[in-house]
Amino acid sequence: MHKLTSSIFITYLLIGIYVLVIAIRAPFINILVDTSSELPVVIDPYYIGWAQQQNIEQGDTILTIDQHSTKGYVSSQRDSYVASANELSILKADSTVHTIEVKHRDLPEEFYTHIVFPMFYFILCFCVAFYLWKHNKDNFITKLLILFLLTCSLAYTSTGASSRGNVVGMIVNGICIVLCLVLIIHFLQQYFHYLHIKWSYLDTRWLYFIPLVIIPSCYVIELFVPQFKDITPNVTLGLFALLILYAIFILLTTYLRTRLAKIRLIAISCIIPFLPFLLLFVVPEILVNKAIIQPEISVLFILFIPFSFIFIQLNERLFDIEYQLSRFRYYSSLAFFISLIITTFLAILLFEQLTIAMLIVVFIVLFLGFITSFYVKEQLDFKHRKIIFSSSGDYVHNLYAAVNRIGNAKNQQELLNKLKNEITEKLGTTAFTLETITEDVQFPQGGIQIENQMTQLLIHDTVDEKILIRIRHTLQKEELLWLELLALYVSMFIDNLKHIEDLVRDIQHMKDTNNTQLPWLDKLLWNIIEKEKSILAQELHDTILQEQLHLARELDVIASSPIIEEKKVLDIREQLINATKDLREYCENLSPPLLDTFGLEMALKKLVQKVKIRANFLLNTQIDRVQFQDVTLHLVVYRLVQELLNNAIKHADASKVSLKLLAINNGFVLQYDDNGIGCNIEDLMQSSASMGINGIRERVRAFNGEMTITSKPNDGMHVFIQIQEECEEPYK
């Protein structure tokens, strides 16, 4: 397999270098000529601006091409075109002869669209394909993506050689332009299998007949029937149009059925870049034999394909980039309209100097440049946003450094001394006092009172003492904000220091009494360990254990059968692989990575997507954004949803399941409903599903929540869970 992959890369390099050399060797001029007489006569030059500069006019006779006589001239591509040349001899109407040296630099459109862009695309595709291969060597889906990328690159890179009438270039271009679409459809079939999505379309293996048999047959027919040269391009373009529409149909119907963001991403990455070529060149060329824009311009959009492959990694995190896509959609929308406005302004201002091709290039450069600048601005904002929004400099930025310095204090007195130093240094004043009082004050902790140019702020408030700052002048708005936030941190530090001091006293007392144990600490650790063991046992029981029991029963059936069915064994093998995959996913779910990275809402959406793929019921969800002071509640909510959906998959036998996560004051409500077989509640507690239900009940009870379960046989199950955070007084 390694040798085969190496051969593919070597073949790609050899063919690509060959067609690029053909394009570089002679500039593309594509002059329409009349060959009815002995010598070709100019009818219409392709590059009108260049022809005017070189004084090439309609009616001029071409005497030589690259110092070869044009008597009886017949083009290898089409009889009526002079495709490429390094030198032309032109006979003018006044019988004068002009020798024209054709250079790439005199034809900037040809130079960029036939050489620079294809060469850049050729190298970029090779690098991206090699990167994908190095990181996913043993993945067949990745190999299909690599083949698609390389084939798409060859289809574009060979355009220059094909336009010049090179036989190898035309064959490579014709085969690859159709083969790349067959490969992407084959990739969809394999990837749908990977996602457990039913493939209800034509088996892709039959589609390979089109690029590998039909297209080469057309070129073979040309050898015997020269008139078929005008038919082959239309056959190729027609097959291309049918395949791209077929791929769009597959993606559209599948997305409407599954609503998976991964399917949408494939369409954006691999299909949409082909649409300008399809709509602006292929369809007009087939229908009216006149393209809206030339193929080398419309095909520029496929330059976006390699960049999308950078995001495509065939592992469990494949396409989990909704956040990046949302940013890209936002930035690309801004960049598109700004680039369109600037390009339109340039087109109006320089109407005669700029061609359509140049305007498209300008638009693409501006579009990519603006997107890049938006990402750079985002990074700069992230780095400097702590100071750029403060009118007087860096008050908020300084707060982080001050908190870090104060947080190193080892006791309350040291903490207050460091607070004095910070106030003196930042506010530039010593006209303040830091007092500890016992009488009541008229404003709450963290509140600020300003009277008679005296600013007072209550830092800490307990029954025994109150810590107050009095500053004998009026502060600016930014200074008040800085002081208020710093005081909030100081209050929390004081609480923590008091807790630490209490613990130190307990330990010291233990040492003085020769007691080597802290019962409360031992009990806490023991409860945590046992609780985690219980949760782990419940999870394994409801997932992997059930799968293994099912497979064991299947093996018992096979063992008792006199004839072993190979298909049955293969099915069990497939189930074992799926069970292994589930175990790997379960290990990841023990600490869901999305929960810490993107938050509860995104983690739940990812979980719901996985369940929709795996389950055989219709799942309707409503997930509100919920926030908690206790961060462990995010994990609790995730586990509750996970347990409910697992029970629905394993035991409910439902066709419809509804799940709602609703935000309430200081908490949440979780409602689950299904139309499954239901059960008797007493029977439920004795069934295999009881461990999952008990796990849910214990999690709810641990946070003083409420849970009700209602169910009857053949009447589904309904679960209502409500948890509210308790606003407890600080520990004293």
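Modeller: With burial. Buried means under 20% relative accessible area. This is a predicted model. Strand S3, residues 61-65, is mostly covered, with four of its five residues buried.

Biologist: What share of the residues in the protein is buried?

Modeller: Buried residues make up 43% of the 732 residues. The protein has 24 helices and 16 strands.

Biologist: Back to S3. Which strands do bridges join to S3?

Modeller: The general idea comes before the case. Strands of a sheet pair through backbone hydrogen bonds, either parallel or antiparallel. Here S3 is joined to strand S6, residues 87-91, by four bridges, and the two run antiparallel. Thr 61 stands opposite Leu 91 in S6. Two bridges join S3 to strand S4, residues 68-69, again antiparallel. Thr 64 has Ser 69 of S4 as its bridge partner.

Biologist: How many residues lie between S3 and S4 in the hairpin?

Modeller: Two. One to look at in the turn is Asp 66, which has a positive phi of about 55 degrees.

Biologist: Now a sheet with more strands. In what order do the four strands of the open sheet come?

Modeller: The order is S8-S11-S10-S9, with antiparallel pairing. Strand S8 (432-437) and strand S9 (448-451) are the edges, and each pairs on one side only. From one strand to the next, the twist averages 20 degrees. Look at S8 and strand S11, residues 466-471: six bridges join them, and they run antiparallel. Leu 434 has Ile 469 in S11 as its bridge partner.

Biologist: Which helix lies across S8, S10 and S11?

Modeller: Helix H16, residues 412-427. H16 runs at about 155 degrees to S8.

Biologist: Let's turn to helix pairs. At what angle do H21 and H22 pack?

Modeller: Read the angle together with the distance between axes. Helix H21 (residues 600-614) and helix H22 (residues 632-652) pack at about 10 degrees, with axes 10 Å apart. Angles under 35 degrees count as roughly parallel. H21 and H22 are therefore roughly parallel to each other.

Biologist: Which residues of H21 meet H22?

Modeller: Leu 600, Ala 603, Leu 604, Leu 607, Val 611 and Arg 614. On the H22 side, the residues they meet include His 634, Val 637, Tyr 638, Val 641 and Lys 650. The residues of this contact divide into ten nonpolar, three polar and two charged.

Biologist: And cores? How many residues does the largest nonpolar core have?

Modeller: Again, the general idea leads. In soluble globular proteins, nonpolar side chains tend to be buried together. In this model the largest nonpolar core has 70 residues, and Ile 185 and Phe 187 have the most contacts inside it. Several helices each supply at least two residues of this core, among them H1 (2-25), H3 (108-135), H4 (140-157) and H6 (167-194). The largest share comes from H6, with 17 residues.

Biologist: What does Phe 187 touch, leaving aside its neighbours within four places in sequence?

Modeller: Phe 187 is in contact with Ile 141, Leu 144, Leu 145 and Ile 266. Apart from this core lies another, of 40 residues, including Ala 615, Ala 652, Leu 670 and Cys 679.

Biologist: One last reading. Of the contacts with a separation of 6 or more, what percentage joins residues 24 or more positions apart?

Modeller: 67% in this protein.

Methods. Residues numbered from 1 in each chain as written. Predicted model: local features only at pLDDT ≥ 70, side-chain atom pairs only at ≥ 80, totals over all residues. Heavy atoms only, no water. Core = buried A, V, L, I, M, F, W, Y, C linked by side-chain atoms within 4.5 Å. Buried < 20%, exposed > 50% of the residue type's maximum accessible area, 1.4 Å probe, protein only. Contact = heavy atoms within 4.5 Å. Axes fitted to C-alpha atoms, helices over the stretch in contact; angles between N-to-C directions. Parallel < 35°, antiparallel > 145°, perpendicular 65-115°, else oblique. Nonpolar A, V, L, I, M, F, W, Y, C, P; charged D, E, K, R; others polar. Pairing = 2+ DSSP bridges.
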